[in-house]
Amino acid sequence: MRANSLDLLRYAVRRVGTRSIGPRSGQCGLRWSSSETRQWSTPLAKQLAEVINTTGPVSVAAYMRQCLTSPDGGYYTRNTTDHDQFGVKGDFVTSPEISQVFGELVGIWLYTEWLAQGQKKKVQIIEVGPGRGTLMNDVLRAISTFKHFAMSVEAIYLVEASPHLMKQQAKLLCGTDELETHDLGWKSTCKYLPRCNIIWCEDIRFVPKEETSTPFILAHEFFDALPIHVFQNTASSTIPASSTILTPTGPIIPKHGPQVPKNHWHELVVSPVQSSSSTQKGDPEEFHLTVSKSPTPHSLYLPQTSERYKALSKIENAIIEISPESLSYISDFAIRIGGANSAPTTPPSSQSLSSTSQVSRSSPTPPFQKATPSGAALILDYGPATTIPANTLRGIRAHRPVSPFTSPGLVDLSADVDFLALAETALSSSPGVEVHGPVEQAFFLSTMGIEERAEKLVRKAKLGKDVVADMDDTVKRLEGGWKRLVDRGPTGMGRIYKAMAIVPYRDGVVRRPVGFGGDVVG
Ligand code: SAH
């Protein structure tokens with residue numbers, strides 16, 4: 001159901017709720033005796049505390065990953081049969097849930113790219129993090145009206161971590177939640193394109209990459225849900241010679257004794273508070289952030305991966321957020337569209353360090369090459385256009401901002417997307433792509449014709465409804481919806497949300513896509 005209460009925007013609630021999570025004093029490596037009498041808000045909170053008590057504080061990324069997608073009660077992966085995360089009754093509302101025009105315009109955008117690229121035959125449509133499936137539903141309905149484009153679609157891939165959301169998506173897109181098993185995960189037949197299977201898998205790595213395929217990839221409010229590492233630049237860092245390095249499997253002592261690399265970036269890590277304290281809103285905070293005194297594998301590596309981070313290395317207490325998983329995803333998108341560099345690329349991700357490692361660097365398989373780059377990726381999310389996000393981890397529950405350190409698994413966690421980091425990684429991963437944007441969502445949707453499309457729907461609604469009260473409601477919802485999506489006020493969705501596109505780069509000719517300053521061609 002589309003939300004008609006437009007002040008329940010996920011974005012607006014989250015932004016208003018952004019609070020600094022500046023580190024509190026504390027020490028890494030503390031151990032807490034497990035108290036059998038301590039009550040935890042959720043089984044996941046207890047589990048996290050027990051793990052941390054055994055191995056030491058964990059990165060914000062590890063905490064986020066567990067809170068969002070742990071099979072044991074993660075926010076997206078827990079059983080939500082009678083109460084899902086989206087909509088008025090849930091925790092937040094997203095753009096596709098506000099107005100059907102959003103998804104329709106995204107479908108039209110894909111069509112314009114398909115035309116501009118010479119109407120390729122073997123099209124894959126891929127969406128990462130489809131939520132309830134509302135965006136894909138509107139996209140496919142729009143695409144099905146362009147017969148030749150629709151005929152060229154070979155398969156639709158949905159990358160989804162939550163088995164419960166997968167079923168909801170299947171109900172909407174296939175008319176059934178009875179999925180058949182498939183080599184990659186699950187499948188069913190698309191109701192809009194009956195020749196096509198929709199195939200679900202848990203990671204984009206499983207989606208087949210073929211030299212002759214043309215992948216069209218969508219990511220709406222996906223990257224903000226991927227885990228971030230947080231680092232603080234502590235100028236007066238004194239790392240003792242005997243310090244240990246924290247690793248996911250426990251602390252290790254550096255081989256070279258006092259030769260600890262000079263490193264002023266310290267990772268912020270999460271550990272349980274000794275006894276939970278109530279926040280202003282009354283929910284007890286069971287975890288908190290501390291600055292790790294010892295280097296972590298990530299603090300030694302990630303802040304060195306971009307000149308943007310290095311430029312901040314002299315600024316005391318600067319905070320940077322880096323999402324290696326986001327960089328792995330964007331690198332994968334770019335390679336699918338443009339092929340890999342002939343030398344295997346090493347995107348600035350913690351691939352070899354992270355337990356969520358995507359592709360082994362020492363992989364014997366040759367890099368994926370594409371004689372003719374083709375396809376496109378459209379990323380819609382919120383975050384600054386050029387600056388590095390800092391202090392943006394936030395929690396939201398029942399449309400209210402809450403501490404990210406309360407009720408793990410019941411609170412949605414998200415962080416701003418670093419668009420420039422995504423753009424840099426896409427460009428360095430593939431010689432066959434160019435990146436456009438980020439542009440404000442208002443610009444993207446307006447140049448895609450949101451006003452004209454909404455007006456058309458309003459006219460249709462006025463003609464079609466016999467009951468005046470119903471018509472008024474529909475018209476209000478249509479008009480309010482599109483205006484909200486392009487609102488450029490200080491906290492408006494049109495300003496804070498951004499659109500970025502990755503498209504093929506060929507023959508030294510730059511072609512601006514529609515919505516990013518270009519015209520329809522082809
Ligand atoms: N795009 C949708 C939903 C956004 S919420 C919309 O805008 O309405 C984030 C989505 O990403 C959910 O479907 C969630 O289950 C999925 N997700 C979160 N982390 C994921 C991960 N690591 N891998 C795959 N899917 C993930």
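Mentor: We will go label by label, setting values against cut-offs.

Trainee: What kind of model is this?

Mentor: A predicted one. The protein chain has 522 residues, and 56% count as buried. Its secondary structure comes to 16 helices and 19 strands. The accessible surface is about 22100 Å², with 53% of it on carbon and sulfur atoms.

Trainee: How do you know that the span of helix α11 agrees with its number of residues?

Mentor: The helix covers residues 324–338, which is 15 residues. The expected span is 1.5 Å times one less than the number of residues. For α11 that gives 21 Å, and the end C-alpha atoms are 21 Å apart, so the two agree.

Trainee: What makes α11 largely enclosed?

Mentor: Buried means under 20% relative accessible area. In α11, 15 of the 15 residues are buried, so the rest of the structure largely encloses this helix. Gly339 follows α11, with a positive phi near 80°.

Trainee: Which residues of α2 are buried?

Mentor: Leu44, Ala45, Leu48, Ala49, Ile52 and Asn53. Just after α2 comes Gly56, with a positive phi of about 100°.

Trainee: What makes a set of residues a nonpolar core?

Mentor: The members are buried nonpolar residues joined through side-chain atoms within 4.5 Å. The largest such core here has 62 residues. Trp109, Met136, Ile156 and Phe444 touch the most other members. Helix α5, residues 100–116, gives the most to this core, with eight residues. A second, separate core has 40 residues, including Phe223, Ile320, Phe419 and Val435.

Trainee: Why might one look for such cores at all?

Mentor: In soluble globular proteins, nonpolar side chains tend to be buried together.

Trainee: What is Trp109 in contact with, beyond its neighbours within four places in sequence?

Mentor: Its contacts include Ala376, Ala377, Leu378 and Phe444. Also among them are Met448, Ala501, Pro513, Val514 and Phe516.

Trainee: Which residues come nearest to the ligand?

Mentor: There are 18 residues around the ligand. Thr94, Gly129, Gly131, Glu160 and His220 come nearest.

Trainee: Why is Asp203 called buried?

Mentor: Its relative accessible area is 11%. Under 20% means buried, so the label holds. Asp203 sits in the loop between β6 (197–201) and β7 (214–220). A polar atom of its side chain lies 2.9 Å from the backbone nitrogen of Arg205.

Trainee: Why is Arg453 called partly exposed?

Mentor: Its relative accessible area is 23%. Arg453 is in helix α14, residues 450–464. Beyond neighbours within four places in sequence, Arg453 is in contact with Gln100, Val101, Glu104 and Leu105. Arg453 and Leu105 are 348 residues apart along the chain, yet their C-alpha atoms are separated by 8.6 Å.

Trainee: What is the omega of the bond joining Gly437 and Pro438?

Mentor: About 5°, and the peptide bond is cis. Pro438 is in strand β18, residues 433–440.

Trainee: What is the phi of Asn391?

Mentor: Positive, about 55°, although Asn391 is not a glycine. Asn391 lies in the loop between β14 (376–382) and β15 (394–397). At 22% relative accessibility, Asn391 counts as partly exposed.

Note on methods. Residues numbered from 1 in each chain as written. Predicted model: local features only at pLDDT ≥ 70, side-chain atom pairs only at ≥ 80, totals over all residues. Heavy atoms only, no water. Helix = DSSP H or I, 4+ residues; strand = E, 2+ residues; numbered from the N terminus. Buried < 20%, exposed > 50% of the residue type's maximum accessible area, 1.4 Å probe, protein only. Contact = heavy atoms within 4.5 Å. Near = heavy atom within 4 Å. Areas by Shrake-Rupley, 256 points an atom, 1.4 Å probe, with all protein chains shown as cover. Polar contact = N/O pair within 3.5 Å; in protein donor to acceptor, adjacent residues only side chain to side chain.
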